[in-house]
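Here are my notes for you on this one. Have a look at the sequence and the 3D view, then read along.

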Amino acid sequence: MSRNPGRTVYVGNVDEKVSERVLYEILIQAGPVMDLHIPYDKENNRLKGYAFAEYETEEIAQYAVRLFSGLVRMNGKTLKFVVAGHDKPSPNGNNPVVSKLNPIPSLNGNYPHIQW
């Protein structure tokens, strides 16, 4: 994965049973995902508990963090989201970077939404 830090979102607290396909389907709700990297432990072939998603633009990456932070739970774990290269989210799930962002409207003028 050629990580562009401004376009790459760190996804933490990922359960080892989560498939790449399911994680991808969630992440594309914010916008086009150019690359998804989920590191595995070489010794036991299990997920390491985090992933990196590279979005098409920095704005979409920032929007993804704002959209998903504190809201996405998988297998009883709340996923953590932060733009790569920025400080990791605080334990209470608040990220000071996110509060400054404005939502990005979709092409048809509506705001994207998540369908579960």
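The points below go from the overall layout to single residues.

1. **What you are looking at.** This is a predicted model, where local features need pLDDT of at least 70, side-chain atom pairs count only at pLDDT 80 or more, and totals for chains, interfaces and linings use all residues. Residues are numbered from 1 along each chain as its sequence is written, and side-chain values use heavy atoms, with hydrogens and water left out.

2. **The parts list.** The protein has two helices and six strands. Both kinds of element are DSSP runs numbered from the N terminus: helices are H or I over at least four residues, strands are E over at least two.

3. Four strands make an open sheet in the order β2-β3-β1-β6, with antiparallel pairing. The edges are β2 (33-37) and β6 (80-83), each of which pairs on one side only. Pairing here means that DSSP finds at least two bridges between two strands. On average, neighbouring strands of this sheet are turned by 20° against each other, direction ignored. Axes are lines fitted to C-alpha atoms (for helices, over the stretch in contact), and angles run from 0 to 180 degrees between N-to-C directions.

4. **Who sits opposite whom?** Strand β1 (residues 8-12) is joined to β3 (residues 50-55) by five bridges, and the two run antiparallel. Gly 12 has Tyr 50 as its bridge partner in β3, while Thr 8 stands opposite Glu 54. On the other pairing, β2 and β3 are antiparallel over four bridges, and Leu 36 stands opposite Ala 53 in β3.

5. Contact means heavy atoms within 4.5 Å.

6. Of the 116 residues, 38% count as buried. The scale is relative accessible area with a 1.4 Å probe, protein chains only: buried is under 20%, exposed is over 50%, and partly exposed lies in between. Strand β3 is mostly covered, with five of its six residues buried. For contacts between residues at least 6 apart in sequence, 65% join residues at least 24 apart.

7. **Thr 8.** A polar atom of its side chain lies 2.8 Å from the backbone oxygen of Asn 4.

8. **Glu 54 and Arg 7.** The structure holds three salt bridges, a salt bridge being a side-chain nitrogen of Lys or Arg within 4 Å of a carboxyl oxygen of Asp or Glu. One of them joins Glu 54 and Arg 7, whose closest N and O atoms are 2.3 Å apart. Glu 54 lies in β3 and Arg 7 in the segment before β1, so the pair ties together parts that are 47 residues apart in sequence. Glu 54 is buried, at 4%, whereas Arg 7 is partly exposed, at 25%.

9. **Glu 16 and Arg 46.** Here the side chains meet in a salt bridge at 3.7 Å, N to O. Glu 16 sits in the loop between β1 and α1 and Arg 46 in the loop between β2 and β3, so that pair links distant parts of the chain, 30 residues apart. Glu 16 is partly exposed at 41%, and Arg 46 is partly exposed at 45%.

10. **Glu 25 and Arg 21.** These side chains form a salt bridge at 3.0 Å, N to O. Because they are four residues apart in helix α1, about one helical turn separates them. Glu 25 is partly exposed at 31%, while Arg 21 is exposed at 56%.

11. **Gly 76.** Look for Gly 76 in the loop between β4 (73-74) and β5 (77-78). Its relative accessibility is 53%, so Gly 76 counts as exposed. The C-alpha atoms of Gly 76 and Asp 15 are 8.6 Å apart, although 61 residues separate the two along the chain.

Key. Polar contact = N/O pair within 3.5 Å; in protein donor to acceptor, adjacent residues only side chain to side chain.
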